[in-house]
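Thanks for coming. I have one model to go through today, and I will keep it short.

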Amino acid sequence: MKQLKEKEIIELIEILKKYYPDATCSLNFKTPFELVVSVMLSAQCTDERVNKTTPALFKKCPTPEAFEKIELDELEKIIHPCGFYKNKARNLKLCANQIVNNFNSVVPNTMEDLITLAGIGRKSANVILLEVFGIANGIAVDTHAKRISNRIGLSSATMPEKIEQDLLSIIPKKYLKDVNHLFVYHGRNTCMARNPKCQDCPVSHLCEYFSKNNL
Ligand code: SF4
């Protein structure tokens, strides 16, 4: 794997920033707790579907206390469209209970605390830290970040934790707040899992997949 130099990494990110000027979090939320819920619901589900489901959910359950109180089967029914509703409903109730009892009903603002919550792993915690608290110390390695990192040659690893370490070792800190959104937008619009639009890609000259496949 040919490692990009820091100058090229900065070029890559700056190009993507210009190409996707509107790249932001596409989950709708008004409070930190609403983002915790939305992030949990977004596992294996599109943000669009989550955004269609959460208005009714947040009307019924505006606080962690309300999530503790709602009957499990009623919660399952509301979040059913998001898939894996049984697991997600169980985790949501448990997570709400942990926030109430362990964190005085306030969503914690450290990686260490966030990953103690049911249903919240490093990826979700990174999203919450960035979107709610403006803290960008890590990178949420989702399916887009993984695919793009592997294709461009930023990391050859398959485990998200290792990919995150690889990215953190090469991406200058000031760009960490940008890369999550840029990877998601690039993955949705250009570097899709199937049939990536390599001929239209603004960073093809920096991409290992592109040069290896003589595109
Ligand atoms: S050239 Fe193709 S594989 Fe490489 S980043 Fe662009 S779309 Fe993805």
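First, the conventions. Residues are numbered from 1 along each chain as its sequence is written. This is a predicted model, in which local features need pLDDT of at least 70 and side-chain atom pairs count only at pLDDT 80 or more, while totals for chains, interfaces and linings use all residues.

Now the domains. At the interface, five residues of domain 2 are in contact with eight residues of domain 1, where contact means C-beta atoms, placed from the backbone, within 7 Å. On the domain 1 side, α10 (160-170) and α11 (176-189) each supply at least two of the residues. Helices here are DSSP runs of H or I, at least four residues, numbered from the N terminus. That side of domain 1 has four nonpolar residues, one polar and three charged. For these classes, Ala, Val, Leu, Ile, Met, Phe, Trp, Tyr, Cys and Pro are nonpolar, Asp, Glu, Lys and Arg are charged, and the others, Gly among them, are polar.

Next, α11. Its 14 residues reach 21 Å from first C-alpha to last, close to the expected 20 Å, which is 1.5 Å times one less than the number of residues. The buried residues of α11 include Leu 182, Phe 183 and Tyr 185. Buried means 20 or more other C-beta atoms within 10 Å of the residue's own, exposed 12 or fewer, and partly exposed in between, with C-beta atoms placed from the backbone. Among the elements covering the buried residues of α11 are α1 (6-19), α8 (122-133) and α9 (143-152).

On to the ligand. Of the 14 residues around the ligand, Cys 191, Pro 196, Cys 198, Cys 201 and Cys 207 come nearest; near means a C-beta atom, placed from the backbone, within 6 Å. Both α9 and α12 (208-212) give two or more residues to this shell, and α9 has the largest share, three residues. By class, the shell has ten nonpolar, two polar and two charged residues.

Last, the loop between α6 (85-102) and α7 (111-114), where Asn 104 sits. Most residues other than glycine have a negative phi. Asn 104 has a positive phi, near 55°, and Ser 105, in the loop between α6 and α7, has a positive phi near 70°. Asn 104 counts as exposed because it has 8 C-beta neighbours inside 10 Å. Ser 105 has 13 and so counts as partly exposed.

Conventions. Contact = placed C-beta atoms within 7 Å.
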